[in-house]
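Work through the exercises below with the model open in a viewer. Each task is followed by a solution in steps.

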Amino acid sequence: MLYGIEEYDYDEFGILRRQKLNTKKVVFAVLVVIAAIAIVVASFFMSFFLDPDRKTNSDLAVAPVNEIAENTVIQENVQQSEQLNDIENDNLYKGRHSALPEHDVVKLSDNILPVFNERGAELIKNIYKSEEKQVYLTFDDGPSKEITGQVLDILKQEQVPATFFVLGARVELYPEVLQRAYNEGHYIANHGYSHIYSEIYQNKDTVFAEYIDCENSIKRALNNDNYSSFLFRFPGGSSGGYYKKVKSEARELLNSYGFAFTNWNCLTGDAEGKNTKEECIQEFIDTKGEQNSLIVLMHDSNDKPQTVEALPEIIKILKDEGYIFKNFYEIFK
Ligand SMILES: [Zn+2]
């Protein structure tokens, strides 16, 4: 019996005389081997071309970019949540100059843009010399998740305008809160980016960089490159204290670029240990005195619920005393 391609011849005694190859079988076997190789090769190529994730040459040119983009988004999310934790713990922020993700924002009106001119420069210089009773309510250190919205609700209910001196780092976190304040007619002004004194007041250029970083955050949140607040409030005030010299140089630098700054002449003390509604109202009354023109300092960061509680009463006192409520559009228009 033959199992292979060899054939055997035997003589009459059953002795193997010769062994020969069957040509037909050899050809058949070679064809089978070739066919098998062909199948293996074909299946390899089939699997390659049918693979939906395969990368063609043109895909490979694009792929690294996509991969970088995905990685970047992940890193940004981590960075953003770290910032969020910092702020919610009321520590100060890190991650300045970081490329934050673009927010989906509605294109807002170009109509409400501050304008800085000689009239405005003169008005802000003499802001405390008003003949009429006027008040500028100002809120620093926002926007915040909870408190800013509650302040806006009260302002809407009372139909009074205000000014928000925002921090760039918080604008990045709550752009929608900033949009709401802007859309409701309040003035968005600049309180720097980080609120970390040792960073801001290294020298006049770091103050200027804080100003520009905050302006850029505002522009991004409002989706409007034409927005410029022209108005800075130095964290801790524009003069005096440990950073007196740097502040003085920074004031000159900001002015040389046509940017103004303002302080306050009345406050609730909500950042100086006045933790209850009653304490805030009393501090407001004490610092208001008999002044005709008021810039009232308050804070809309998340750790200031007393400000929300005191605000309706403060507005009532001012209305009863005949003050006219203004924001900085009065000056920068
Ligand atoms: Zn502040």
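The model is predicted, so local features need pLDDT of at least 70 and side-chain atom pairs pLDDT 80 or more, while totals for chains, interfaces and linings use all residues. Residues are numbered from 1 along each chain as its sequence is written, and side-chain values use heavy atoms, with hydrogens and water left out.

**Exercise 1. Determine how far strand S3 is enclosed, and which strands pair with it.**

Step 1. Helices (H or I, at least four residues) and strands (E, at least two) are DSSP runs numbered from the N terminus. Buried means under 20% relative accessible area, exposed over 50%, and partly exposed in between (1.4 Å probe, protein chains only).

Step 2. Seven of the seven residues of S3 are buried, so the strand is largely enclosed by the rest of the structure. On one side these are Gln134, Tyr136, Thr138 and Asp140, and on the other Val135, Leu137 and Phe139.

Step 3. Two strands pair if DSSP finds at least two bridges between them. S3 runs parallel to S9 (residues 293-299), with seven bridges; Asp140 stands opposite His299 there. S10 (residues 324-326) is also parallel to S3, over three bridges, and Phe325 of S10 is the partner of Val135.

Step 4. S4 is joined to S3 by three bridges, again in parallel, and Phe165 in S4 is the bridge partner of Asp140. From S3 the chain passes through H4 to S4 in a right-handed β-α-β crossover. Right-handed means that, with the strands pointing away from the viewer, the path from the first strand over the helix to the second runs clockwise.

**Exercise 2. Check the span of helix H4 and find what its buried residues pack against.**

Step 1. The expected span is 1.5 Å times one less than the number of residues.

Step 2. The buried residues of H4 are Ile147, Thr148, Gly149, Val151, Leu152, Ile154 and Leu155.

Step 3. Those buried residues pack against strands S3 (134-140) and S4 (163-166) and helices H6 (175-183) and H11 (305-320); contact means heavy atoms within 4.5 Å.

Step 4. Gln159 follows H4 and has a positive phi, near 55 degrees.

**Exercise 3. Which protein atoms are donors of the zinc ion, and how are their residues spaced in sequence?**

Step 1. Donors are N, O and S atoms within 2.8 Å of the metal (3.2 Å for Na, K and Ca); water is not among the atoms, so sites may look incomplete.

Step 2. Asp141 (OD), His191 (NE2) and His195 (NE2) are the protein donors, 2.1 to 2.2 Å from the zinc ion. The spacing of the donor residues is D-x49-H-x3-H.

Step 3. Asp141 lies in the loop between S3 and H4, and His191 in the loop between S5 (187-190) and H7 (197-200), so the pair ties together parts that are 50 residues apart in sequence.

Step 4. Asp141 is buried at 13% relative accessibility, and His191 is buried at 2%. His191 is also among the contacts of Asp140, as are Arg233 and Leu297.

**Exercise 4. How many disulfides does the whole structure hold?**

Step 1. A disulfide is a covalent bond between the sulfur atoms of two cysteines. The criterion is a pair of cysteine sulfur atoms within 2.5 Å.

Step 2. The search finds zero disulfides.

Step 3. Cys214 is buried, at 0% relative accessibility; Cys266 is buried, at 0%.

Conventions. Lists of a residue's contacts leave out its neighbours within four places in sequence.
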